[in-house]
Amino acid sequence: MKNRDNIIRYYKGTDNGALAARLIDLADSTDKGRPYAVSEFVSPGAVQIGETVSAHAATLVLRVNGGYEGAERVKLCFIRNDYEGSVDFGLTACRITWDARYRLLGHRDVLGALMSLGIDRGRFGDIIMHEDGAVILVDTKLLPYLQQNLGKIAMVSVTISEVPVASIPPRREKIKEIKTTVASLRLDAVVSSGFGISRTKAAEAIKGERVQVNWQPAKGASQEVGTGAVISLRGKGRMELAEVTGTSRKGRTGVLLRRYM
């Protein structure tokens with residue numbers, strides 16, 4: 001790819017240089033006889049990188065699939081524009097079930113169990129929680145390993161079975177709009193207002209690496225965020241800085257935040 005170095009240099013500034021290089025290599029592989037090439041599961045922020053790579057490759061188109069409508073973690077597929085066949089994303093849905101009495105099991109427990117098996121985060125996508133279990137989108141080749149090795153989560157026995165990907169309903173998220181003012185667009189100020197915690201606790205969460213901006217680790221409490229920024233706080237969810245509405249008489253910045261519940 002002609003602009004390889006420029007693309008990598010651009011995304012290196014946002015700590016995504018290595019990911020950009022991997023996606024460029026994946027795209028380039030279609031020029032070596034492959035009709036298409038599929039990535040691992042990536043965060044939503046990687047889609048923009050994939051779009052950039054695709055835009056600089058005249059012979060390729062980009063397709064995205066996370067298994068169901070509204071998926072956050074997805075696979076990217078670079079496809080030759082003259083290829084008319086089907087595309088296998090290598091994506092399977094599996095259901096993990098446990099005794100409904102153990103309703104305290106949550107997303108963090110399931111994620112921790114998968115990571116404790118040494119499974120790379122790129123090999124599975126969204127974890128969709130239910131009262132008596134969870135549905136996980138995984139690499140198709142990973143399913144037999146999970147069935148053989150994941151017998152318990154937080155000491156609770158579980159069973160794993162494959163379910164049709166088409167059976168997963170679209171993501172339905174409740175959105176709470178918050179119109180408020182902040183002292184500035186510093187990350188700690190926005191996190192404090194959006195998640196309803198003190199600015200001190202917001203700064204501590206950022207320092208403790210529990211906050212991400214656009215799915216990347218926050219750089220620091222003083223990091224400025226702008227319109228469209230997606231901010232997540234571990235244990236609290238995520239929100240979007242939807243709009244900067246102006247400046248109040250007291251010099252505070254008005255913002256519209258969308259909190260995803």
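1. Helices (H or I, at least four residues) and strands (E, at least two) are DSSP runs, numbered from the N terminus. By that rule the protein chain has seven helices and 15 strands.

2. This is a predicted model, in which local features need pLDDT of at least 70 and side-chain atom pairs count only at pLDDT 80 or more, while totals for chains, interfaces and linings use all residues. Residues are numbered from 1 along each chain as its sequence is written, and side-chain values use heavy atoms, with hydrogens and water left out.

3. Along the principal axes, the C-alpha atoms of the protein chain fill a box of roughly 60 × 55 × 30 Å. Of the 261 residues, 45% are buried (under 20% relative accessible area, 1.4 Å probe, protein chains only).

4. Contact means heavy atoms within 4.5 Å. Among contacts in the protein chain with a separation of 6 or more, 59% are between residues 24 or more positions apart.

5. The domain assignment, which is automatic or from a database, gives domain 1 (3-80), domain 2 (91-167) and domain 3 (175-260).

6. How far apart do the C-alpha centres of domain 1 and domain 3 lie? The distance is 29 Å. Eight residues of domain 1 are in contact with four residues of domain 3.

7. Buried area is the accessible area (1.4 Å probe) that two parts lose on being put together, summed over both. Between domain 1 and domain 3 it is about 500 Å², and carbon and sulfur atoms give 41% of this. On the domain 1 side, Asp15, Pro44 and Glu72 lose the most area to domain 3, together 52% of what that side buries.

Technical notes
Buried means under 20% relative accessible area, exposed over 50%, partly exposed in between (1.4 Å probe, protein chains only).
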